[in-house]
Amino acid sequence: MMNITGKNLIAGEWSGDTSNGFSAMNAITNQTMHEKFADASEQEIEQAISKANQAFVFYSQLSAEKRAIFLRTIGEQILALGDDLVDIACAETGLPAMRIQGERGRTIGQLGLFADLLESGEYLPVVDLADENRTPLPKSDTRLGYLPLGTVAVFAASNFPLAFSTAGGDTASALAAGCPVIMKAHAAHPGTAELVAQAISKAIEVCGIDAGVFSLIQGKNYAISSQIVTHPLIKAVGFTGSERVGMILQRQINERAEPIPFYGELGSVNPQFILEDKLANEATELAQALVASLMMAQGQFCTSPGIWAYVTDKNTQMFEKSAAQAISETKAGVMLTPAIAASYNHTVSQWQSLTGVECLAQGQVAEPEQAHFCRAVLFATDLTTFKANQTLHEEVFGSSALIVRCKSHGELMEFISLLKGNLTASIHASEKDLQVAQRVALAAAHKVGRLIYNQMPTGVEVCAAMNHGGPFPASTQIRTTSVGSEAIKRFQRPICYQNMPNELLPSLLKR
């Protein structure tokens, strides 16, 4: 097993007092793990940000080719961690080894995606040539390029200990853009974070990069997050987490003397629209597929299908019966943290007490020694009850789904109008449903960042065409994505060069 120091990585140096530190929970056994981790001090955070700002001078001017090599080297060093990384991530999150191995591959793939982008041209230059003969005034040569913003703070996600954490998509896209990163590790998986930080530190050494380009901040003290996002040298923030915490950070950022971009992914119910002919012919198959999607990672995916809607008819009873049967056969599962489990159980209990909300099925009861496990639940309600209870509109982070029974297509369209912003929505339809599907698609497109046809929302392809974002609260910046090559644009700003000699232009804009 690789050595875990429990310390913060501050610009290449491991720092911090672990004697009074915090420990992670073993999510499977619900026991405290033995490693202690130091809460970063104000001085350590200040040093990390100051060193990052100094490194920005060097790193922002590093060629795209060398940044690409750096990203690929990080991926190589993560892979070199071997089973130690998988073992500790499984223990800290309760996620199975196959899931962690897949997520490791995705993390390395994301780094490679941005390396490919840098090698092919990190942005598309725009050139307007001079026209000295234009009247009444000559036209200057103008060229549009992009510059990195500066030091970026990234907050790790609870549900993706690799792909949305230490070397995840936010870090990869910021480093690709030429920005140093201050990473705030998630307190639920600090050991995983440290191992990945060790890999990044090794890549920095191998590539001869200024060590200030990356620091890892550990801690459970909320003041740490506040100090980071309000620091004047932080120029952008990437965050994946709850709407409550995200909005606290957003308010603190708004109160800065210099407001900065806050790229927050805060919540999504990912509605599923099931149309009549599809339901008539595939009720059982659809029900089973939706439950399987819901149960991925015990419902702790940001794209988990949380609300299902359709117009009731003679076929919906078969669908609900099949879905209830599938839910009743699911086993209780471990949640990422005790706090997430408690929040899930609290919300489920609230919903069970609501008038007009029917509990169609619950999953199997946990064993006595699995008191920290949670059961899947399937609820159903009508549009009137949904409209009257705002709590039914909110994301339930876990394996709970709500069916909204509509009486007509008019009610279905009204339901869509009531939805908040989401990452995804799926339309399940057949060829005979296309006329209705068109109406649903036109309305739903304004509520989501990704609209899906006859597929489940879980699973996000890391590619150039992906958009992982959406109207609030899916994300705080509706015009950006946190997945795919377009994510690099969050950490760059446009700059126009006018009448510049070739020697002063960046390589992509040279004549």
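1. A crossing of two helices is called left-handed if the near helix is turned anticlockwise from the far one by less than a right angle, and right-handed if it is turned clockwise. By that convention, α3 passes α4 in a right-handed crossing. The helices concerned, α3 with residues 83-93 and α4 with residues 97-120, pack at an angle of about 120°, their axes being 9 Å apart. Here axes are lines fitted to C-alpha atoms, for helices over the stretch in contact, and angles run from 0 to 180 degrees between N-to-C directions. Helices (H or I, at least four residues) and strands (E, at least two) are DSSP runs, numbered from the N terminus.

2. Before going further, please note that this is a predicted model, in which local features need pLDDT of at least 70 and side-chain atom pairs count only at pLDDT 80 or more, while totals for chains, interfaces and linings use all residues. Residues are numbered from 1 along each chain as its sequence is written, and side-chain values use heavy atoms, with hydrogens and water left out.

3. In their contact (heavy atoms within 4.5 Å), L85, V86, A89, C90 and T93 of α3 meet A97, I100, Q101 and R104 of α4. The residues of this contact of α3 with α4 divide into six nonpolar, two polar and one charged, where Ala, Val, Leu, Ile, Met, Phe, Trp, Tyr, Cys and Pro count as nonpolar, Asp, Glu, Lys and Arg as charged, and the others, Gly among them, as polar.

4. The crossing of α7 past α8 is right-handed. On the α7 side the contact is made by S225, S226, V229 and T230, and on the α8 side by L249, Q252 and I253; these residues divide into three nonpolar, four polar and no charged.

5. Turning to the strands, β5, β6 and β21 form an open sheet of three strands in the order β5-β6-β21, with antiparallel pairing; two strands pair if DSSP finds at least two bridges between them. β5 and β21 are the edge strands, each pairing on one side only, and neighbouring strands of this sheet are turned by 30° against each other on average, direction ignored. The antiparallel pairing of β6 with β21 extends over seven bridges, and L147 stands opposite R493 in β21.

6. One runs from T135 to P136, with omega near 5°, and P136 lies in the loop between β5 (126-128) and β6 (142-148). Another runs from F472 to P473, also with omega near 5°, and P473 is placed in the loop between β20 (448-453) and β21 (492-498).

7. With a relative accessible area of 22%, A297 is partly exposed, a class that lies between buried (under 20% relative accessible area) and exposed (over 50%), using a 1.4 Å probe and protein chains only. Q298, which is not a glycine either, has a positive phi of about 60° and lies in the loop between α9 and β13, but at 9% relative accessibility Q298 counts as buried.

8. The strand β13 is mostly covered, since five of its five residues are buried. In a regular strand the side chains alternate between the two faces of the sheet. In β13 both faces are covered, with I307, A309 and V311 buried on one side and W308 and Y310 buried on the other. Strand β12 (residues 272-274) runs parallel to β13 and is joined to it by two bridges, and Q272 stands opposite W308 in β13.

9. Finally, F58 belongs to helix α1 (residues 42-59) and counts as partly exposed at 34% relative accessibility. Leaving aside residues up to four places away in sequence, F58 touches G208, I209 and D210. The C-alpha atoms of F58 and V213 are separated by 9.2 Å, although these residues are 155 residues apart along the chain.
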